[in-house]
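I opened this entry to keep track of what I looked up, starting with strands and moving on to rings.

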Amino acid sequence: MYISNGYVCAGELTDFLKIENIKVLPDMIMILTFSTGEQRVFDATVLSGPVFEPLKEPDVFSGAKIEHGVVTWLDGEIDCAPEYMYKHSYEYSMVS
């Protein structure tokens, strides 16, 4: 339990998860670097629904940007929460 802005909240206070770096790969795959320092692989084909349809276009998907720790496309018209991307990604480590 903790207090935030005068309100008592259940659970534990945690830092917000942010995306710090992205590397876009073919086939709607990206390597994400999170604010925790972890690098993870995210397969964006898990994003479904009409709002995400434009991402199937390689030019749109490759235009991913980071705005305030969130991955966005099309000047912020499409975004995906860092927590969702973390939960639906897997650990990545470069093999030397």
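Predicted model: local features only at pLDDT ≥ 70, side-chain atom pairs only at ≥ 80, totals over all residues.

I found an open sheet of three strands in the order β6-β7-β8, with antiparallel pairing. The edge strands are β6 (65–67) and β8 (78–80), each of which pairs on one side only. From one strand to the next, the twist averages 40°.

I then checked how β6 meets β7 (residues 70–73): the two pair in the antiparallel sense over three bridges. E67 stands opposite V70 in β7.

Next I turned to the rings. How many aromatic pairs are there? I noted two.

F34 and Y86 make an edge-to-face pair, because their ring centres are 5.1 Å apart and their planes stand at 85°, over the 60 degrees that this class needs. This pair links distant parts of the chain, with F34 in strand β4 (residues 29–34) and Y86 in helix α2 (residues 82–87), 52 residues apart. I looked up burial as well: F34 is buried at 0% relative accessible area, whereas Y86 is partly exposed at 25%.

The other pair I wrote down is F61 with W73, which is stacked, at 6.0 Å centre to centre and 25° between the planes. F61 lies in helix α1 (residues 58–61) and W73 in strand β7, so the pair ties together parts twelve residues apart in sequence. F61 is buried, at 3% relative accessible area, and W73 is buried too, at 1%.

Last, I went back to Y86 for charges. The charged end of R40 sits over the ring of Y86, 4.2 Å from the ring centre.

Note on methods: Residues numbered from 1 in each chain as written. Heavy atoms only, no water. Pairing = 2+ DSSP bridges. Helix = DSSP H or I, 4+ residues; strand = E, 2+ residues; numbered from the N terminus. Axes fitted to C-alpha atoms, helices over the stretch in contact; angles between N-to-C directions. Phe/Tyr/Trp six-rings, centres within 6.5 Å; stacked < 30°, edge-to-face > 60°. Buried < 20%, exposed > 50% of the residue type's maximum accessible area, 1.4 Å probe, protein only. Lys NZ or Arg CZ within 6 Å of the ring centre and 35° of its normal.
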